[in-house]
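Please keep the structure open beside them as you go.

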Amino acid sequence: MSSHSRSASSRRSGREQQRQPDAAAGGYGAPAAENGEGYGDGYGAGYTDTYGDRRRPAATATAVPGPSRSQARAAARARSRRRRRVRNGFLGVGSVAALTVMAVAGLLPAHSATTRPSVDAATVPSTPVKAAPTVRAAAPVAEIEQLPGLGPAFLAKVPANADQVLLVTGKAKNANTDTVVLYTRAAAGAPWVAGATWAAHNALDGWTTDHHAGDLHSPIGVFSLTDAGGLNSNPGTRLPYDHSQEFKAPGTGFEGESLADAFNYVVAINYNHVPGTSPLSPQRPMGAGKGGGIWVHVDHGGPTHGCISLPQADMVTLLKSLDPTKHPVIVMGDAASLAA
């Protein structure tokens, strides 16, 4: 073999030896492994194995392997979780504050019975619901078959067509204070319905069955009520009403009380009085000796000469309640006499 051939052969052998590391598994040109581990291992082997007489010395510094793809993904996921935690923490504080403001402002609906608030949710005390006030039914009106306190003699004196009875009951024969109740019924034979109970006065010396002018007693009996009048104008009664300035009471009462308002309102009691005439009428069917001018009038705070007196507010109520179509009467006397 010529020296040229040998030289060429030697040159070919050297080139082959130089190319040999490129073909070796894990050499410089080898592809990196998917998991990242082969990347670092092959890198070092490609430079330290066989390069003939031209071998390069090994690197003095140890190469730091780079992160693999899975490690990079894990790191990215961790960073994402940290960012979410920070964001959620910030928004959570803001959300709780916002919910608190909205709840206080009444913009959020109350929790339902099946929903529980979260542990960190703001709790706003609810306003207690007040129970609806109890509406009491009106007390039933008491109905009675007979007028109370009247014996057979007085019951027989009450006209059959009288559907209103003003019952005046004195405490005693010689007393001058009474209780008064207006009883009304729908028709003859129907039950009686009682109105309010009023306090009243009668004559200074009590009651009598034989009244005379000036005896300071009130007559006992049953009398019709047909006519009204007074110093004041008609308050709304259905009875004929005489409004006149002549209803004036001079002087004072037995206890020094003024009589100025006593005749503001009056109803004539038809004792020795002509029905259908003014209470001021001077006519006396039984004669002047039997007295007259016996009225129901405004109370002046003391006993009367023979009349029945009621507080002014009760007098107005009475005038408005009396109905001529019911033929009202007054039954008056001390309790013992009425029960006979």
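1. Which residue takes a positive phi in the hairpin of strand 3 and strand 4? The residue is Gly189, with phi near 90°. Six residues lie between the two strands of this hairpin. Please keep in mind throughout that this is a predicted model.

2. Now to the strands on either side of that turn. Strand 3 covers residues 177-185, and eight bridges join it to strand 4 in an antiparallel arrangement.

3. Strand 7 deserves a visit of its own. Is strand 7 (residues 221-230) largely enclosed or largely open? Seven of its 10 residues are buried, so the rest of the structure largely encloses this strand.

4. Which strands pair with strand 7? Strand 12 (residues 329-334) runs antiparallel to strand 7, and four bridges join the two; in this pairing Ser224 stands opposite Val329. Strand 9 is also an antiparallel partner of strand 7, over four bridges, and Leu225 has Ile269 as its bridge partner there. Strand 8 pairs with strand 7 in the parallel sense, over three bridges. In that pairing, the partner of Gly230 is His243.

5. On to the charged pairs. Side chains of opposite charge can pair when their charged atoms come close. How many salt bridges does a search of the whole structure find? The search finds three, and the next points take each in turn.

6. Asp163 forms a salt bridge with Arg185, and their closest N and O atoms are 2.9 Å apart. Asp163 sits in the loop between helix 4 (152-157) and strand 2 (164-170), while Arg185 belongs to strand 3, so the pair ties together parts that are 22 residues apart in sequence. Both ends are covered: Asp163 counts as buried at 10% relative accessibility, and Arg185 counts as buried at 12%.

7. Asp210 pairs with Lys290 in a salt bridge whose closest N and O atoms are 2.8 Å apart. This is a loop-to-loop contact: Asp210 lies between strand 5 (207-208) and strand 6 (218-219), and Lys290 between strand 9 and strand 10 (295-298), so the pair ties together parts that are 80 residues apart in sequence. Asp210 counts as partly exposed, at 42% relative accessibility. Lys290 also counts as partly exposed, at 22%.

8. The side chains of Arg238 and Asp323 meet in a salt bridge, at 3.6 Å from N to O. Arg238 is in the loop between strand 7 and strand 8, and Asp323 is in the loop between helix 5 (312-321) and strand 12, so the pair ties together parts that are 85 residues apart in sequence. Asp323 counts as buried, with 12% relative accessibility.

9. His327 lies in the loop between helix 5 and strand 12 and counts as partly exposed at 39% relative accessibility.

10. What residues form the positive surface patch? The patch is made up of Arg73, Arg77, Arg79, Arg81, Arg82 and Arg83. Arg82, one of these, is found in helix 3 (residues 69-105) and is partly exposed, with a relative accessible area of 44%.

11. A last stop is Gln245, in the loop between strand 8 (241-243) and strand 9 (266-269). Is Gln245 buried or exposed? Its relative accessibility is 51%, so Gln245 counts as exposed. From Gln245 to Asn232 the separation is 13 residues in sequence and 8.4 Å in space, C-alpha to C-alpha.

Definitions and conventions. Residues are numbered from 1 along each chain as its sequence is written. This is a predicted model: local features need pLDDT of at least 70, side-chain atom pairs count only at pLDDT 80 or more; totals for chains, interfaces and linings use all residues. Side-chain values use heavy atoms; hydrogens and water are left out. Buried means under 20% relative accessible area, exposed over 50%, partly exposed in between (1.4 Å probe, protein chains only). Patches are made of residues with over 30% relative accessible area and no salt bridge: like charges are joined within 9 Å, nonpolar side chains (Val, Leu, Ile, Met, Phe, Trp, Tyr) within 5 Å. Accessible areas come from the Shrake-Rupley method with a 1.4 Å probe; for residues, only the protein chains shown count as cover. A salt bridge is a side-chain nitrogen of Lys or Arg within 4 Å of a carboxyl oxygen of Asp or Glu. Lys and Arg count as positive and Asp and Glu as negative; His and the chain ends are not counted. The place of a charge is taken as NZ of Lys, CZ of Arg, CG of Asp or CD of Glu. Two strands pair if DSSP finds at least two bridges between them.
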